[in-house]
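Open the model and colour it by chain. The text below walks through the contact between the chains and then the charged pairs.

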Amino acid sequence: MVHCSIMAASCAWLLVLSSVLLCNLLKILLPSFSSFISRLLQKDAEHESQMRAEIQNMKQELSAISMMDEFARYARLERKINKMTDKLKTNVKTRTAQLAKVKWVINIGFYILQAALMITLIWKYYLEPVTILPSKWITPLERLVAFPTGVTGGVGITCWLVVCNKVVSIMLVPLG
Amino acid sequence: MEQEDGGGLSASQRRAEARRRKLLLNSEQRMSQIMGFHSLGDADGGDRDGACLGSRGRDLCSWPRSPSHLDNESKIEPKVHHEQPKPDSLPVSSMSKRGANMSGDSATLTGVSEHRSNVLSEVKRSNLGEIMDSFSKTAEMANDNSSELRHRHRGDLPSETAERGPRHGLDQYLSRFDEALKLRNQMISEKPSPENGNSAEEFDSFRIFRLIGSALLAIGVRVFICKYLSIFAPFLTLQLAYMGLSKYFPKGDKKTKTTVLTAALLLSGIPAEVISRSMDTYSKMGDVFTDLCVYFFTFIFCHETLGFFGLAVP
């Protein structure tokens with residue numbers, strides 16, 4: 001039990017690093033994730049493509065009809081095409097609005113989760129350092145590095161979070 | 001057969017004239033409503049001159065009124081609100097609008113400057129002078145008709161004093177804007193030419209070199225040196241070495257970013273050279289901080305990994 005707690009304490013730096021890495025990775029993957037979710041939630045796309053195909057067919061049919069000879073049929077078909085086009089436009093508009101809403105909700109949810117995770121980490125390691133070094137190694141900046149723990153030679157959560165964020169963002173530059 | 005009156009005009013002509021004038025007046029009111037101005041007439045309870053505007057356009061009483069006109073207004077009051085304004089009214093309303101735009105408040109000044117930024121290359125100071133002249137003319141028109149109203153709204157300040165402040169501010173603002181434009185042109189001219197087009201890539205290579213150097217130094221320090229001294233001493237030495245080595249790398253730092261901060265500083269009157277130097281220093285500090293982060297991270301990572309494999313602290 002004691003061994004486990006020592007292990008957990010010694011892995012605090014790794015825990016913080018993994019959290020930061022995970023958050024940054026998720027941030028990169030967020031647009032594709034929200035697109036995937038919105039595709040799952042919206043099943044009208046198939047219906048829309050069907051409507052588009054129908055409109056295309058009707059337009060072809062309309063081009064085959066002579067307006068002079070069969071005016072009534074021509075007008076009827078044209079009205080039908082207009083009606084379906086309007087319906088399609090309304091559907092697309094609704095779907096786009098819904099998509100934007102889904103993306104917004106996912107983004108907000110992600111940022112809330114990220115903030116909660118960071119606050120939890122800071123709360124947990126507020127008084128204990130994520131790792132401890134011999135104090136002479138970090139001599140001129142030991143207080144700054146140890147903030148807010150105040151432990152001599154310790155590396156505080158704030159400093160470690162900043163360092164991890166910077167390094168992870170550099171590492172993830174190739175991923176965009 | 002139309003009946004002639006004493007003034008030489010027929011009744012229908014007189015009515016038409018009155019209607020025309022009322023429509024002109026109505027167009028002013030409509031324009032004021034569109035622009036969001038409050039006519040003073042509402043506050044005074046009788047003077048419905050839409051051109052004598054409220055807080056923004058109080059200098060601009062662009063429609064001279066006569067007693068006969070007022071008489072005619074009272075006769076045709078119920079009808080004219082349902083009629084559309086005639087094209088004749090356009091010059092008057094557009095003039096008053098223009099005058100309102102050139103009035104001295106900050107919102108309209110911003111509008112003018114935005115417009116100026118859109119036509120950066122064409123608009124010169126002479127054009128501005130013309131605009132200012134038209135503003136003065138419009139204001140003079142206002143002086144003829146609405147002196148009482150103006151004094152009521154501006155207190156005892158003479159009109160020239162009130163105009164000079166905004167005009168002086170505008171001049172000052174535009175001189176700074178010209179300076180910003182010069183810097184912009186300078187930065188455009190400093191863009192890398194095709195023969196040294198790889199400078200950005202080479203700058204990136206220097207940056208990668210710095211990062212890798214920092215990481216390697218951290219490993220070296222952890223393994224060999226740190227038992228003797230602080231880990232930041234070798235890092236500072238490395239930074240000094242980078243300063244010396246930067247001469248041998250192609251200069252990539254000409255890639256000055258035009259940020260909002262730069263623009264804001266320029267418009268606050270800080271010289272372009274000072275801003276450029278500050279931004280250079282700022283970017284160098286950023287580079288050093290990045291190196292420090294990489295160095296410290298690698299050091300901790302190395303230290304923990306060595307600790308995990310049971311290697312004791314030296």
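Predicted model: local features only at pLDDT ≥ 70, side-chain atom pairs only at ≥ 80, totals over all residues.

Residues are numbered from 1 along each chain as its sequence is written, chains are lettered from A and ligands numbered from 1 in written order, and side-chain values use heavy atoms, without hydrogens or water.

Begin with the interface. Chain B places 21 residues in contact with 23 residues of chain A; contact means heavy atoms within 4.5 Å. The area buried between the two chains is about 1,900 Å². That is the accessible area (1.4 Å probe) that two parts lose on being put together, summed over both. Carbon and sulfur atoms give 83% of it. On the chain B side, B:Phe296, B:Phe297 and B:Glu304 supply 30% of the area buried against chain A, more than any other three residues.

Polar links across this interface are counted too. Four residue pairs, both at pLDDT 80 or more, are in polar contact between chain B and chain A. A polar contact is a pair of N or O atoms within 3.5 Å; within protein, one must be able to donate a hydrogen and the other to accept it, and residues adjacent in sequence count only if both atoms are side-chain atoms. Salt bridges between chain B and chain A number zero. Such a bridge needs a side-chain nitrogen of Lys or Arg within 4 Å of a carboxyl oxygen of Asp or Glu.

Which elements of chain B give two or more residues to the side that touches chain A? They are helix 9 (199–225) and helix 12 (272–308). Helices are DSSP runs (H or I, at least four residues), numbered from the N terminus. Helix 12 of chain B brings the largest share, eleven residues.

Now the salt bridges. B:Arg210 pairs with B:Asp291, with the closest N and O atoms 2.8 Å apart. This bridge joins helix 9 to helix 12 of chain B, across 81 residues. Both B:Arg210 and B:Asp291 are buried, meaning under 20% relative accessible area, where exposed is over 50% and partly exposed in between (1.4 Å probe, protein chains only).

In chain A, A:Glu61 and A:Arg73 form a salt bridge at 3.5 Å. A:Glu61 is partly exposed at 37%, and A:Arg73 is partly exposed at 36%. A:Glu61, A:Glu70 and A:Arg73 make up a salt-bridge network.
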